[in-house]
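These are my notebook entries on one structure.

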Amino acid sequence: MRPISTDLDQALALLQAGELVGIPTETVYGLAADASRPDAVAKIFAMKGRPADHPVIVHIAGRQQLADWAQDIPDAAWKLADAFWPGSLTLILRRKPHVPDAVTGGQDTVGLRAPAHPLTHALLEHFGGGLAAPSANQFGHVSPTTAEHVYNEFGDALGLILDGGPCTVGVESTIVGLTDDHPTLLRPGGISAEAIEAVLGVKLIHHEKPTTAKLRVSGLLDSHYAPRTPLLVGPLAALEAEAYQRFEAGQRVALLHHSQMLQAVCGAECHAMPLNAEAYARVLYATLREHDGGRFDVLLLEQPPQAAAWLAVNDRVKRAASGWLA
């Protein structure tokens with residue numbers, strides 16, 4: 001029998017015993033453990049194959065728990081928590097001394113988020129503490145947006161996966177750093193930079209790499225969110241030519257596009273992506289997973305639009321791609 005359920009009592013019992021549980025959020029599914037227990041957090045790293053110095057985000061029920069994990073909390077953090085929690089925004093703050101190094105990657109900061117999914121929100125309210133919960137997949141692989149995706153990653157090795165249905169946002173949370181004088185955008189996500197700037201009344205500094213951010217946070221590695229099948233990204237004309245050449249060479253090709261007029265490309269299985277940025281984000285990971293797993297020799301993805309609304313999508317595509325076509 002597969003370990004997929006909606007049993008909150010079983011989830012609580014496992015977490016309180018120091019075990020792992022797959023949990024739904026509005027962004028992606030997480031692999032959760034009691035954030036106060038280094039032994040439990042270590043199981044996340046072991047199951048994911050995650051580097052030990054890579055921090056994990058602590059999920060809490062709401063703003064009332066901010067001071068349990070962070071100190072020297074600036075006014076900006078309270079404003080953002082009031083505006084966007086519960087929701088897909090992670091705040092990087094100075095950690096309290098008791099927060100385990102296993103959670104922070106040995107840094108003096110901690111990432112905190114209050115997820116909006118009702119099932120996990122209820123779980124957190126009953127649990128009372130914080131849950132360390134990176135995405136529920138092997139490190140670097142495509143993030144899961146359904147309970148079935150989580151099961152496909154870990155099988156019966158994970159004792160319970162709470163089934164909250166498909167994720168409604170589909171890409172990870174926005175991460176904002178609040179430990180310096182000026183707020184920084186460390187990872188674009190489900191909350192737009194413009195919405196955050198409107199609340200704070202200042203422009204965010206955007207850091208795309210750990211070297212400029214001077215912080216290790218989730219999702220900033222050059223290669224991340226990647227299918228195991230090679231993913232090439234570029235303009236449609238270049239993809240069409242690539243598809244034909246690979247078809248001639250006997251390869252199986254999937255072409256993921258957002259061009260409305262495209263009917264067929266010789267030798268490729270075509271899949272139309274949404275034209276709206278939010279809808280595209282919602283299905284991006286599920287589409288990559290659907291076409292991954294050995295059915296194709298290569299995945300060709302039409303580069304998404306470069307408008308501001310597509311910032312999070314383009315960030316994920318950039319890190320998932322194994323190559324680019326001009």
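How many of the residues of β14 are buried? I find that 5 of its 5 residues are buried, and β14 is mostly covered. Buried is taken as under 20% relative accessible area, exposed as over 50% and partly exposed as in between, with a 1.4 Å probe and protein chains only. I note that the model is predicted: local features need pLDDT of at least 70, side-chain atom pairs count only at pLDDT 80 or more, and totals for chains, interfaces and linings use all residues. Residues are numbered from 1 along each chain as its sequence is written, and side-chain values use heavy atoms, with hydrogens and water left out.

**Entry: the parallel sheet**

I looked next at the two faces of β14. Val253, Leu255 and His257 lie on one side and Ala254 and Leu256 on the other, and all are buried, which leaves both faces covered. Helices (H or I, at least four residues) and strands (E, at least two) are DSSP runs numbered from the N terminus.

I then traced the partners of β14. It belongs to an open sheet of 5 strands in the order β15-β14-β16-β13-β17, with parallel pairing. Two strands pair if DSSP finds at least two bridges between them. The edge strands, each pairing on one side only, are β15 (268–272) and β17 (323–324). Between β14 and β15 I find 5 parallel bridges, and His257 stands opposite Ala272 in β15. Towards β16 there are 4 bridges, again parallel, with Leu255 opposite Leu300. Strand β13 (residues 231–234) is joined to β17 by 2 bridges, and the two run parallel. Leu232 has Gly323 as its bridge partner in β17.

Helix α10 (residues 236–248) packs on this sheet and touches β13, β14 (253–257), β15 and β16 (298–302). Its direction makes about 165° with that of β16; the axes are lines fitted to C-alpha atoms, for helices over the stretch in contact, and angles run from 0 to 180 degrees between N-to-C directions.

**Entry: His291**

Is His291 buried or exposed? I find His291 in helix α11, where it counts as buried because its relative accessible area is 1%. Leaving aside neighbours within four places in sequence, His291 is in contact (heavy atoms within 4.5 Å) with Thr229, Ala254, Leu256, Glu269, His271, Phe296 and Leu299. Two of these contacts, Ala254 and Leu256, are the buried residues on one side of β14.

**Entry: β3 and its partners**

Strand β3 (residues 30–34) is also mostly covered, with 5 of its 5 residues buried. Strand β2 (residues 21–23) pairs with β3 in the antiparallel sense over 3 bridges, and Gly22 has Leu31 as its bridge partner. The two strands form a hairpin with 6 residues between them. β3 also pairs in the antiparallel sense with strand β8 (residues 131–132), over 2 bridges; here Ala33 stands opposite Ala132.

Which residues of helix α2 (residues 38–48) are buried? I list Ala40, Val41, Ile44, Phe45, Met47 and Lys48. These pack against β3, α5 (101–104), β8 and α7 (147–154). Gly49 follows α2, and its phi is positive, near 70°.

**Entry: pocket and cavities**

I searched on a 1 Å grid over the protein atoms alone: a cavity is a set of points where a 1.4 Å probe fits but cannot get out, a pocket is an open set with protein on both sides within 12 Å along at least five of seven lines, and lining residues have an atom within 4 Å of a point. Grid points are joined across faces, edges and corners, and a volume is the space filled by probe spheres set on the points.

The largest pocket has a volume of about 420 Å³. It is lined by 23 residues, of which Gly189, Gly190, Ser192, Ala309 and Ala312 are the closest to its centre. Two or more lining residues come from each of α8 (193–200), α11 (277–291) and α12 (311–320), and α11 gives the most, with 4. By class, I record 14 nonpolar, 5 polar and 4 charged residues in this lining. Ala, Val, Leu, Ile, Met, Phe, Trp, Tyr, Cys and Pro count as nonpolar, Asp, Glu, Lys and Arg as charged, and the others, Gly among them, as polar.

There are 2 cavities of 30 Å³ or more. The largest cavity has a volume of about 260 Å³, and of its 25 lining residues the closest to the centre are Ala133, Pro134, Ser135, Glu172 and Arg187. Its lining has 7 nonpolar, 13 polar and 5 charged residues.
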